[in-house]
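Here are some exercises to work through with the structure open beside you. Try each task on your own before reading its solution.

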Amino acid sequence: MCQKLPSSEVPTILNCHGKSWDMAYNGQNKYKQFDTIGWRNFVKDNNLKVGDMCVFELKENSEEKIVFEVQILRGEFPGTDECEEDQIFVSGFSGTGENDSPYVID
């Protein structure tokens with residue numbers, strides 16, 4: 001997804017469950033990321049825990065503003081344990097789940 005986003009700092013909005021969080025996307029850095037304070041607020045307000053996953057749907061993308069609709073999946077993501085059935089489920093997604101090759105859910 002980073003390849004589609006601007007390679008500069010851009011104001012960003014995350015929408016989730018009818019609420020919005022303002023932050024900046026730092027596309028000019030080697031490691032593309034949201035600003036620490038904005039992301040920390042999103043995590044805290046949504047009570048995110050290890051094992052939860054966020055699905056980002058890109059709604060608007062320009063040099064002036066980025067908007068994501070975010071869906072939070074609670075608990076362990078299917079395929080993260082040794083269960084053979086879960087492993088088959090994850091194999092249906094493109095990507096490996098690593099930072100530069102995330103799961104893609106169509």
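This is a predicted model: local features need pLDDT of at least 70, side-chain atom pairs count only at pLDDT 80 or more; totals for chains, interfaces and linings use all residues.

**Exercise 1. A residue in a strand**

Is Thr12 buried or exposed?

*Solution.* 
Step 1: locate the residue. Thr12 belongs to strand β1, which covers residues 9-16.
Step 2: check the accessibility. Thr12 has a relative accessible area of 2%. The cut-off for buried is under 20%, so Thr12 is buried.
Step 3: list the neighbours. Leaving aside residues up to four places away in sequence, Thr12 touches Trp21, Asp22, Met23, Ala24, Tyr25, Phe34, Ile66 and Phe68.
Step 4: The Thr12 side chain reaches the backbone oxygen of Val10 at 3.0 Å.

**Exercise 2. The sheet**

What is the order of the strands in the sheet, and which strands stand at the edges?

*Solution.* 
Step 1: count the elements. The protein contains 2 helices and 5 strands, and along the sequence they follow the pattern β-β-β-α-β-β-α.
Step 2: arrange the strands. They form an open sheet of 5 strands in the order β3-β2-β1-β5-β4, and the pairing is mixed.
Step 3: find the edges. β3 (33-34) and β4 each have a single partner strand, so one side of each is left without a neighbour in the sheet.
Step 4: recall how such pairs are held. Strands of a sheet pair through backbone hydrogen bonds, either parallel or antiparallel.
Step 5: place the helix. α1 lies across β1, β2, β3, β4 and β5, and runs at about 150° to β2.

**Exercise 3. The partners of β5**

How many bridges join β5 to β1, and how many join β5 to β4?

*Solution.* 
Step 1: take β1 and β5 (residues 66-73). These strands run parallel and are joined by 4 bridges. Here Asn15 stands opposite Glu69 of β5.
Step 2: take β4 and β5. This pair runs antiparallel, with 8 bridges.
Step 3: find the partners. Met53 has Leu73 of β5 as its bridge partner, and Cys54 stands opposite Ile72 in β5.
Step 4: A hairpin of 4 residues leads from β4 to β5.

**Exercise 4. Confidence and overall figures**

Where does pLDDT stay under 50, and what does the protein average?

*Solution.* 
Step 1: take the average. The protein has an average pLDDT of 80, and 71% of the residues score at least 70.
Step 2: find the stretch. pLDDT stays under 50 over residues 82-93, for which the model has 14 contacts beyond four places in sequence.
Step 3: The protein has 106 residues, and 26% of them count as buried.

Methods
Residues are numbered from 1 along each chain as its sequence is written. Side-chain values use heavy atoms; hydrogens and water are left out. Buried means under 20% relative accessible area, exposed over 50%, partly exposed in between (1.4 Å probe, protein chains only). A polar contact is a pair of N or O atoms within 3.5 Å; within protein, one must be able to donate a hydrogen and the other to accept it, and residues adjacent in sequence count only if both atoms are side-chain atoms. Contact means heavy atoms within 4.5 Å. pLDDT is the predictor's confidence in each residue, from 0 to 100. Two strands pair if DSSP finds at least two bridges between them. Axes are lines fitted to C-alpha atoms, for helices over the stretch in contact, and angles run from 0 to 180 degrees between N-to-C directions.
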